[in-house]
Amino acid sequence: MVLLSLDDDFVLICDGDRRKVDKPKRKRRKHLSATPHEAPEILSLYAMNRLKDSDVRSALRPFHAGEAAPVSPADHLPQLKRDEQR
């Protein structure tokens, strides 16, 4: 799950299991495949610094079970400057 867009090339991702919310992985966009799914509740919790690993796992559970229904794609992700990163 993409949490944050760092710039045009990089994003921060986490899965709540191997890659925790407090230590997301920096990943190049070109190495990820886009899906037409959005989790606005996760983004709002992340913006308020209240996101837990269990929230991410719950949001990703339908994808693991093959039950996720498409939603409109995210037009933007929150942007942070390097000095504002966690």
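Me: Where does α2 bend, and by how much?
Reply: In this predicted model, α2 bends by about 35° at A59. A proline, P62, follows within four residues of that point.

Me: Which residues make up α2, and how far does the helix reach?
Reply: Helix α2 covers residues 53-65, which is 13 residues. From its first C-alpha to its last it reaches 18 Å, close to the 18 Å expected at 1.5 Å a residue.

Me: Which residues of α2 are buried?
Reply: D53, V56, A59 and L60. A59 is also where the bend sits.

Me: What do those buried residues pack against?
Reply: They pack against α1, residues 40-47.

Me: What does R57 touch away from its own stretch of chain?
Reply: Leaving out residues up to four places away in sequence, R57 touches D15, G16 and D17. R57 and D15 are 42 residues apart along the chain, yet their C-alpha atoms are separated by 6.4 Å.

Me: Switching to the loop between α1 and α2. What is the phi of N49 there?
Reply: N49 lies in that loop and has a positive phi of about 60°, although it is not a glycine. Most residues other than glycine have a negative phi.

Me: Is N49 buried or exposed?
Reply: N49 is exposed, because its relative accessible area is 60% and the cut-off for exposed is over 50%.

Me: How much of the chain is buried?
Reply: Buried residues make up 23% of the 86 residues.

Me: What share of the contacts comes from residues 24 or more positions apart?
Reply: 56% of the contacts with a separation of 6 or more.

Me: What about aromatic rings, how many pairs are there?
Reply: Zero aromatic pairs. The ring of F10 does have the charged end of R26 sitting over it, 3.7 Å from the ring centre.

Me: What is the mean pLDDT, and where does pLDDT stay under 50?
Reply: The mean pLDDT of the chain is 81, and 76% of residues reach 70 or more. Over residues 71-76 pLDDT stays under 50. For that stretch the model has seven contacts beyond four places in sequence.

Definitions and conventions:
Residues numbered from 1 in each chain as written. Predicted model: local features only at pLDDT ≥ 70, side-chain atom pairs only at ≥ 80, totals over all residues. Heavy atoms only, no water. pLDDT = per-residue confidence, 0-100. Contact = heavy atoms within 4.5 Å. Phe/Tyr/Trp six-rings, centres within 6.5 Å; stacked < 30°, edge-to-face > 60°. Lys NZ or Arg CZ within 6 Å of the ring centre and 35° of its normal. Helix = DSSP H or I, 4+ residues; strand = E, 2+ residues; numbered from the N terminus. Expected span 1.5 Å × (residues − 1). Bend = angle between axes of the 7 residues up to and from the residue. Buried < 20%, exposed > 50% of the residue type's maximum accessible area, 1.4 Å probe, protein only.
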